[in-house]
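Q: I am new to this structure. Can you walk me through how to read its features?

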Amino acid sequence: MGTMDNIIEVSPLADERVAPMAPPLPGTATSSYNQKGYLMNGSQQRGYCCVSTSTKELWDRLFDEGYRADVSVETDNGGTIYAHANILGMASPVIKSMLKKSKRRGRQRSISIPGVPHDAVRAFIRFLYSSCYEKEDMEEFVLPLLVLSHAYVVPELKQVCVQQLEQGLLTIENVIDIFQLALLCDAPRLSFICHRMILRNIKAVSATEGWQAMKQSHPILERVLLQSKTDEDNRQKERIRKINEGKIYLQLYEAMEALVHICRDGCRTIGPHDKDFKANQSPCNYEACKGLELLVRHFAACKLRVPGGCIHCKRMWQLLELHSRLCDNSDICRVPLCRTFREKIRRQSKKDEIKWRILVKKILRTKTIAGAPFFSSAIASST
């Protein structure tokens with residue numbers, strides 16, 4: 001036996017060979033077709049859909065010309081549409097069941113789709129072939145098509161009808177009719193959109209013929225809509241009340257900050273007795289200082305000053321007590337009467353204590369939602 005070099009011979013041309021280029025991936029191939037991954041039950045599957053305009057036109061021609069059609073679809077007023085059983089059966093499980101039960105006349109089977117205009121049925125059958133529709137047909141027959149899509153279980157067409165209604169076909173005049181139809185056809189998004197439009201335009205909608213017809217045929221639905229409007233108004237009032245309440249709590253918080261600022265640092269011409277004021281002081285950053293400064297001046301000069309004797313002094317007493325409940329350390333606090341109110345809290349009735357505690361909680365929560373630190377933390381960091 002020879003050596004290993006004799007057993008495995010390496011061609012001198014091996015290094016000069018160039019490997020062939022890999023073919024392009026299916027998703028990156030240059031094509032005039034629209035390539036998309038197949039979707040089945042919401043999950044991506046292998047394969048690609050290459051459906052061109054010419055292919056869709058082919059399906060439309062198959063429907064229009066009825067080549068080798070084996071089903072006749074009977075409509076109102078003696079109309080007939082010729083179609084193909086395999087296509088209708090695959091597109092609609094309901095039609096598939098109808099075809100199985102239909103009687104055969106030679107090669108032909110016959111089914112009936114009554115209750116809607118002939119042209120609406122034709123637009124419906126065409127959609128089953130190519131998922132296409134004419135804009136004029138959709139605008140004229142959107143409601144019959146919605147009914148047909150629900151009755152014959154064609155969810156793709158139902159989705160198209162809902163989109164078209166949402167994007168401009170829904171009006172004040174027809175919203176009541178469409179709302180009732182959406183409830184019957186199990187179209188929750190459409191019913192929600194209609195319901196919202198009705199509540200926002202209740203006065204105009206209640207003057208339409210559709211509302212009057214509903215009032216006669218479905219009085220319970222009218223009461224439900226009116227109750228919904230009442231509930232919506234109450235919710236709106238409650239939202240406004242909470243917004244206004246939040247503004248008041250925010251103002252109280254800012255007044256507490258300004259009170260600490262005045263008693264600790266001084267502001268403009270008012271402040272602690274050991275504070276020297278400069279003529280060229282920088283502007284105050286606390287918006288509540290101006291009103292609170294006037295209140296403090298009044299409190300200092302008022303002869304009545306007892307709580308209840310003067311409405312302005314009473315408000316000042318309340319602010320001082322509120323501060324004491326928000327203050328983190330009354331021993332080093334420079335706000336007047338802070339420690340006195342702290343001692344008064346211990347002797348207060350349980351009922352009053354609960355009221356103050358709720359007020360403090362709401363003030364702190366309002367300011368926390370606004371993105372600022374708690375009052376106690378602000379005071380601690382500034383002292």
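Q: Is Phe-299 buried, partly exposed or exposed, and what is its relative accessibility?
A: Buried means under 20% relative accessible area, exposed over 50%, and partly exposed in between (1.4 Å probe, protein chains only). At 14% relative accessibility, Phe-299 counts as buried. Trp-317 has 21%, so Trp-317 is partly exposed. This is a predicted model: local features need pLDDT of at least 70, side-chain atom pairs count only at pLDDT 80 or more, and totals for chains, interfaces and linings use all residues. Residues are numbered from 1 along each chain as its sequence is written, and side-chain values use heavy atoms, leaving out hydrogens and water.

Q: How many aromatic pairs are there by the ring rule?
A: Rings of Phe, Tyr and Trp (its six-membered ring) pair if their centres lie within 6.5 Å; planes under 30 degrees apart count as stacked, over 60 as edge-to-face and the rest as tilted. The count here is four aromatic pairs. In one of them, the rings of Phe-63 and Tyr-129 have centres 5.2 Å apart and planes at 45 degrees, so this pair is tilted. Phe-63 lies in helix H2 (residues 53-65) and Tyr-129 in helix H5, so the pair ties together parts 66 residues apart in sequence. Helices (H or I, at least four residues) and strands (E, at least two) are DSSP runs, numbered from the N terminus. Phe-63 is buried at 3%, and Tyr-129 is buried at 7%.
The rings of Phe-299 and Trp-317 have centres 5.6 Å apart and planes at 85 degrees, so that pair is edge-to-face. Phe-299, Trp-317 and Phe-341 form one aromatic cluster.

Q: At what angle do helix H6 and helix H7 pack?
A: Two packed helices are described by the angle between their axes and the distance between the axes. Axes are lines fitted to C-alpha atoms, for helices over the stretch in contact, and angles run from 0 to 180 degrees between N-to-C directions. H6 (residues 135-151) and H7 (residues 155-169) pack at about 145 degrees, with axes 9 Å apart.

Q: How many disulfides does a search of the whole structure find?
A: A disulfide is a pair of cysteine sulfur atoms within 2.5 Å. The search finds zero. Cys-338 is in no disulfide; its nearest cysteine sulfur, that of Cys-327, is 3.9 Å away. Cys-338 is buried, at 2% relative accessible area.

Q: Where is Ile-113 found?
A: Ile-113 sits in the loop between strand S6 (108-112) and helix H5 (118-130). Ile-113 is buried, at 1%.
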